[in-house]
Amino acid sequence: MANILKDTLTPGKGNKTVKTIIVIAIVIVVIVIIYQIYKAITDSGKALGDIIGMEIIEQKTGIVPARQRVCKEVAENCESAITRLWIFGNKLWVNDDEIVDQLNKLLTPAEAALTSVFFKEQSGETLKSIVEGGYFVEKNRKRITLRQYLA
């Protein structure tokens with residue numbers, strides 16, 4: 001019986017496995033910490049770039065950053081109101097009412113132009129081509145208050 005206890009208590013292969021697991025866990029924790037620091041740095045750089053970009057847009061257009069965010073949100077919502085063919089990106093369906101509601105959130109011609117720019121960046125198409133390009137019913141086109149300012 002003493003031999004059995006002696007064999008199980010002797011340091012050997014079991015300790016190496018535990019040490020290896022601990023080292024691997026420490027390496028994973030260090031990698032996660034480094035990744036979180038990197039992510040925080042890149043996110044703060046992006047946020048700073050967005051703020052500077054908004055200031056430049058405000059100087060050129062006179063649109064304050066809060067309204068710029070509205071323009072960007074309207075452009076995103078207009079893009080999401082378009083159902084596209086998954087692989088090729090062709091338009092299958094355009095939700096007229098959703099796009100009209102979104103575009104009527106805009107207050108000035110400058111906001112309509114800026115929204116058109118944001119939409120073009122996202123989709124590669126112009127808002128004017130969506131509204132005037134045969135996807136809308138004429139009565140819905142007429143409901144858009146700043147229709148003539150879309151680019």
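Author: What follows sets values against definitions.
This is a predicted model, where local features need pLDDT of at least 70, side-chain atom pairs count only at pLDDT 80 or more, and totals for chains, interfaces and linings use all residues. Residues are numbered from 1 along each chain as its sequence is written, and side-chain values use heavy atoms, with hydrogens and water left out.

Reader: What makes up the protein, in helices and strands?
Author: Seven helices and two strands. These are DSSP runs numbered from the N terminus: H or I of at least four residues for helices, E of at least two for strands. Along the sequence the pattern is α-α-α-β-β-α-α-α-α.

Reader: Why is Q68 called buried?
Author: Buried means under 20% relative accessible area, exposed over 50%, and partly exposed in between (1.4 Å probe, protein chains only). Q68 has 2%, so Q68 is buried. Q68 sits in helix 3, residues 65-80. Of the 151 residues of the protein, 24% count as buried.

Reader: Which residues does Q68 touch?
Author: Leaving out residues up to four places away in sequence, Q68 touches M54, I57, E58, I63, L114 and F118. Contact means heavy atoms within 4.5 Å.

Reader: What makes the pair of Q68 and I63 a polar contact?
Author: A polar atom of the Q68 side chain lies 2.8 Å from the backbone oxygen of I63. The limit is 3.5 Å between N or O atoms; within protein, one must be able to donate a hydrogen and the other to accept it, and residues adjacent in sequence count only if both atoms are side-chain atoms.

Reader: How are I31 and K120 classed, exposed or partly exposed?
Author: I31 has 52% relative accessibility, so I31 counts as exposed. I31 belongs to helix 2, residues 13-61. K120 has 43%, so K120 counts as partly exposed. K120 lies in helix 5.

Reader: What makes a nonpolar core, and which residues have the most contacts inside the largest one?
Author: A core is a set of buried Ala, Val, Leu, Ile, Met, Phe, Trp, Tyr and Cys residues joined through side-chain atoms within 4.5 Å. The largest has 23 residues, and those with the most contacts inside it are C78, I99, L103, L106, F119, I130 and F136. Helix 3, helix 4 (96-103), helix 5 (109-123) and helix 6 (127-132) each give two or more residues to this core. Beyond its neighbours within four places in sequence, C78 is in contact with I99, Q102, L103, F119 and L127.
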